[in-house]
Amino acid sequence: MNRLINTSSFRLAAVYAGVSLIAFLTLFATAYLITTRALDRQIRFGIEAEYASLIAAAKSGTSSELIKELSERVRLPVGASFFYFLSDENGHKLAGNLNNIHRVAGWQVLQNLRATGETAELGGDDDHRLTAYGGYLPDKSFLLVGDDSYRMYDAQEAIIESFALASGLVLALAILPGLFMGQRFLGRIDSINRATDAIIKGQLKERIPTMGRRGDELDQLSRNLNRMLDSNQGLMESLRQVSSSIAHDLRTPLSRLRQNLEDVRLSVARREDIECAIEQAIVESDTLLSTFSALLRISQVESKSRRAGFHTVYLSGIFEKIAEAYGPVVEEKGKAFTSDIALGQRFVGDAELLTQMLANLVENAIKHTPTNAAISISLQESDEGLVGVVADNGAGIPEAERKRVFERFYRLDRSRTTPGSGLGLPLVAAVADLHGISVRLHDNCPGLRVRLHFPRCAPD
Amino acid sequence: MHLLLIEDDQRTADFILRGLKEHGHVTDHALGGKDGLYLATTQDYDILIVDRMVPELDGLTIVKTLRASGNRVPVLFLTTMASIDDRVEGLEGGGDDYLVKPFAFAELLARLGALMRRPPLNDVKTLLSVADLRMDLLKREVKRAGKRIELQPQEFRLLEYLLRNQGRVVTRTMLLENVWEFHFDPQTSVVETHMSRLRAKVDRGFDRELIQTVRGAGYCIRNEQAD
């Protein structure tokens, strides 16, 4: 119950109920006051008229004539009659159906009165109230006319009753749906909790149930949480794949390193041999370190924090720098190099990462093509935007493997013997993803053609 | 040179201290940031070698504090964080150079050499020369023994960097960072290829080779023969 009261829908309902109750009370107070005042005024009009008619009936203005008139009037049936009291100048009762009245001129309200037996009863034990008007006649006798205010009581009671009933209804109407909705809300929260509990306990495939076609906030939340869980699961799986690849791929150079060192220890080597072995060990560990830093680089790029430092870079300049830096390298290896770079092209991104992305592609082409191959790099503006291409006429990548080469440590069977870490293209993919650049591998017939499509506007 | 090393890892510190001592440098060592800052403000050093992550006060804070008090001593940052963000942050925070661990000792030595003789910023020469080689940065012209040499833009920048650091060893990484602005390690021989092309143009056909290879360290342009 406590949980239910703490749900937001219940609280909202309670606030609504409170507000409507206040509005009702205000309405009630106003109606009560206005009705009471109107009825009171009506009663007083009646009394004034009766008083005036009595005075007019006793033409001489003496008490004796009034006595006669009063005895007539008190005989009228209950409810139709007023209450009267007439006394002489000493206060002794002369006529009327009321006893023991204090002589006060003007309006007064009389309570706890008893009428004389012969006249209309003033109810049994009811606490009747009389609104009364009194005045002295010319002969010093005192005449009082009163009227029971029961009509006013009735009206007031009716108002109170109807308002009490209505407020009760309003409260019930406001709070019950709140309770109902709160109950439903709690039910769904419980199902989310059950699902997350299961996930915490290791059932990673568990998902939060949604209501289906109706897309309220909770459903949206559930769907978003599910999407987050999907992507987390994907990340965890790729993490698992990456860590097993790392373990597998680093074992080889590490064991080679160890073997080298052991060889040196076992053999009675000359000084030059030892130096040579140390040199080899340093090269081997440098390779390991560079693999690690490449991995680190990829994960840094994948974390997307670099987007904060994006600014407009001169893309043509980056392409030209790469062409100038690698052109001689390509030629030195006996391959042909051509470049066709459109000038004046700009792009929003990270210059350092874009440079490395392009360098990786060109280095890939250099490493995986035979002597006499031709390598080309180009940047052109097309209808769809800027398109960069790094192409060669080497052996290319079989279509089935074009997706897999972007996975960390994935290497084509035929390139196992060429030096490389299998981390070049994964970094290209990470940098491209960071920039919203689409990377496509095409058949260059023969060879590989890497097409980079730079979007016109910066990624979100 | 009188150096200060602020480094909390004892093994790294031993490696650096031993190497610097062998090369004739006197080096003070602080294990923590507070001691380091105290020494840096009270002693007169030629260069500070500061690890980015030291206890008490991190390296960046130490250097920022020094710079705020007007201390202009050259600073070389050491770090295990191979991220560019850290490098930019370090250089903007007042560091003069940046070296990622692990590094070869020759690399550290070359960088210290470059820092030691770094000319003041406003003193940028437009005419560089060594022996009979002249480089005019305004005319973008290179001559050796009065004979004009045509260089590609990247060869020009490579020669300019060597000349600005003449007599000192520059490493492959220093060249990649300063000539090509490559902050990664290329898998192909970019530096070697351009260097051999530059040598072919600058040194071939002359009796003396000005550009020399320093084994296990890098390159050096100087007037006298290598020993």
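Predicted model: local features only at pLDDT ≥ 70, side-chain atom pairs only at ≥ 80, totals over all residues.

Analyst: Happy to. Leaving aside residues up to four places away in sequence, A:Val431 touches A:Val301, A:Leu353, A:Leu354, A:Gln356 and A:Met357. A:Val431 also belongs to the largest nonpolar core, which has 72 residues. Together with A:Ile322, A:Leu358 and A:Val362, A:Val431 is among the residues with the most contacts inside that core. As a general background, nonpolar side chains in soluble globular proteins tend to be buried together. There is a second, separate core as well, with 25 residues, including B:Leu4, B:Tyr45, B:Ile62 and B:Leu66.

Now for the contact between the chains. Chain A contributes 19 residues to this contact and chain B contributes 20 residues. On the side of chain A that touches chain B, at least two residues come from each of α6 (271–302), α7 (315–332) and α8 (351–367) of chain A. The largest share belongs to α8(A), which supplies seven residues. Sorted by class, that side of chain A has eight nonpolar, six polar and five charged residues.

A:Asp340 has 12 C-beta neighbours inside 10 Å, so A:Asp340 counts as exposed.

Two packed helices are described by the angle between their axes and the distance between the axes. Helix α2 (residues 8–57) of chain A packs with helix α4 (residues 150–200) of chain A at an angle of about 170 degrees, and their axes are 9 Å apart. Angles over 145 degrees count as roughly antiparallel, and α2(A) and α4(A) are therefore roughly antiparallel to each other. The contact of α2(A) with α4(A) has 26 nonpolar, eight polar and two charged residues.

Finally, the partner chain. Chain B has eight helices and twelve strands, and 32% of its 227 residues count as buried. Taking contacts in chain B between residues at least 6 apart in sequence, 58% join residues at least 24 apart.

Definitions and conventions:
Residues numbered from 1 in each chain as written. Chains lettered and ligands numbered in written order. Contact = placed C-beta atoms within 7 Å. Helix = DSSP H or I, 4+ residues; strand = E, 2+ residues; numbered from the N terminus. Nonpolar A, V, L, I, M, F, W, Y, C, P; charged D, E, K, R; others polar. Buried ≥ 20, exposed ≤ 12 C-beta atoms within 10 Å, placed from the backbone. Axes fitted to C-alpha atoms, helices over the stretch in contact; angles between N-to-C directions. Parallel < 35°, antiparallel > 145°, perpendicular 65-115°, else oblique. Core = buried A, V, L, I, M, F, W, Y, C linked by C-beta atoms within 7 Å.
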